[in-house]
Amino acid sequence: MSFTSLGLSKSLLKAIDKQGYTTPSPIQAKAIPQILKGNDVLASAQTGTGKTAGFTLPMLHKLSQTQPERRRAIRALILTPTRELAAQVHANVKAYSEFLDIRSTVIFGGVNQRPQVATIRNGVDVLIATPGRLLDLQNQGLLSLSKVEILVLDEADRMLDMGFLRDIKKITSLLPKRRQSLLFSATFSKEIKSLAGEFLYNPVMVETATENSTVDAIDQKVYRVAKTSKTGLIIKLISDGDWKQVLVFTRTKHGANRLCKKMEQARISAAAIHGNKSQGARTKALAGFKNGSIRVLVATDIAARGIDIPLLPHVINFELPNISEDYVHRIGRTGRAGANGQAISLVSADETSYLKSIEKLTGLKLPVEIVPGFEPDPNASTEPIKQGQGQGRGRRPQRSSGQSKSSSGRNRNSGGGSSNQNSRGGNRNRNRR
Ligand code: AMP
C-alpha cells in the first residue's frame, strides 16, 4: 500500500515525501480512510506506531478542502495528556501542513500564556492543547471552540489515568454537537469504551496488528543487584558499553535527580526530566539528549510519556515500575522502526514481585544476569517497596470525583497482581508495536 492510494492531497503527499515516509504504517492504513470518510474513530495505538500522522494527515486533508474564513477559527482541536506530547504533535502538524494554507499552534501550562493567546488571536485552524491550559484560556474568554469540526483525544487512556475526565467532559460540552471525533488510546479498557460511548457517534473501531512486535523485538535483560550497588552498576554498564544515548527510568523525582548527580560525578553527561522541572528545563534536556550533548536522560514515567526519540538504542529501568504496563511503555522507547533496541532492568530483592507481574503481563521470562562485584544482597527482604511513598510520577492532577484509581484499567498491583488483569493486559500488549 502507498500513501497515494489513500486519497490524500498532493500537498500532503509532498510533505509525507519530505519526511521520508514511503509506506503507511498499519494504523495509518486503517485509520486514514475511515477519517477521510467522515467517520468517528476509536483507535488503539500507542506512541511509535505512527498514530500522530494517522489522525493528522486526514484531518489536514479535510480542513484544506474548504477555504479558511477571513477570520480564522479553531476548526480542529487535539487534546493530549502532557506538554511534551502536545509539543510533539504540534511539530508533526506543522511538518505535514507545510504546503497547505493551515495555521496551527500549541498551548500548555507551565509557560507564560501571553504568546499563546497572541497566536490564537491572530487566527489558527488547528489547536493542540493540554486540557488544563485550554480550559484556563477558555474561562478567561480568550478562545472560542464553537467552530470546531474535528476533535482528537490523543492517548485518551493516559488522560483518564491522569484524572482529566472532568476536564474532557467540560471541553466537549463547549464544542458543536455536529463534529467528527477521534479517540486514540493504547488500550481499550472499559473506561475508554465508556468514554467513547459518550463522545463518539457510531465509531469505527481501528485496531492494529495482533502480532506483537515491540516486546519481542527488544532485547530484554534483568540484572539482579543489591539496591546499594545499582548506581555503581549502571555507571559501569554505560561506561563499559560506551553507550551514547541512554534513557533511564527511576520511580521518583528525587531518585532521578540523585542519579543524575552521580552520573555527572562519573563524567557521564546526564539530565533529569520530571514533573518538578520547568518546561524550559525539560525542553532543554530533551534537545540536549537528541543532539548528543547529553548521554543519559533520567526520567519518571509521566515525564517520559510521549517523548519521541526515534531509534533509541538503550533503555534502562533503574527501578522497575510498580505498574506493570508502564514497563511496556518504557521499553517501547527502544526498538522502534525495526531497529533492535536493548532494555535493561536493575532489579533488587524488594522488586521481585514487580518483576513477576511484568513477566506475567508480557508473557515473557526475562533472562537474568549477575555482574561480579555487583551481586544481589542475599539478606535483603523481598517485601515490595511501600506504595504511595514518593512515587514521583510527575505532576498528577487531582482525580475527578467519581473516578476510581482503577479507572484506567491498568495493573496497579503491588505484588502478584490479579491474574485477570494481567492476562488482559498481556493480550493488549501483544497488540502493540
Ligand atoms: P508516533 O507514533 O506518531 O509517535 O510516530 C512515531 C515515529 O514514526 C515518528 O518519528 C514519526 O515521524 C514516524 N512515522 C510516522 N509515520 C511513518 C511512516 N509511515 N513511515 C515511517 N515513519 C513514520
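Which residues in α15 are buried? I looked this up in the predicted model. In α15, I found Ser-324, Glu-325, Asp-326, Tyr-327, Val-328, His-329, Arg-330 and Ile-331 to be buried. I noted that α15 spans residues 324–331 and is mostly covered, with 8 of its 8 residues buried.

Whole chain. I counted 17 helices and 14 strands in the protein chain. I then looked up burial, and 58% of the 433 residues count as buried.

Helix pair. I turned to α2 (residues 26–37) and α3 (residues 51–64), which pack at an angle of about 25 degrees with their axes 9 Å apart. I therefore logged α2 as roughly parallel to α3, because angles under 35 degrees count as roughly parallel. I recorded the crossing of α2 and α3 as right-handed.

I listed the residues in this contact next. From α2 they are Ile-27, Gln-28, Ala-31, Ile-32, Ile-35 and Leu-36. From α3 they are Lys-51, Ala-53, Gly-54, Phe-55, Leu-57, Pro-58, His-61 and Lys-62. Sorted by class, the contact of α2 with α3 has 9 nonpolar, 3 polar and 2 charged residues. As a note on spacing, residues three or four places apart point the same way because an α-helix has 3.6 residues a turn.

How values were computed: Residues numbered from 1 in each chain as written. Predicted model: local features only at pLDDT ≥ 70, side-chain atom pairs only at ≥ 80, totals over all residues. Heavy atoms only, no water. Axes fitted to C-alpha atoms, helices over the stretch in contact; angles between N-to-C directions. Helix = DSSP H or I, 4+ residues; strand = E, 2+ residues; numbered from the N terminus. Parallel < 35°, antiparallel > 145°, perpendicular 65-115°, else oblique. Left-handed = near helix turned anticlockwise from the far one by under 90°. Contact = heavy atoms within 4.5 Å. Nonpolar A, V, L, I, M, F, W, Y, C, P; charged D, E, K, R; others polar. Buried < 20%, exposed > 50% of the residue type's maximum accessible area, 1.4 Å probe, protein only.
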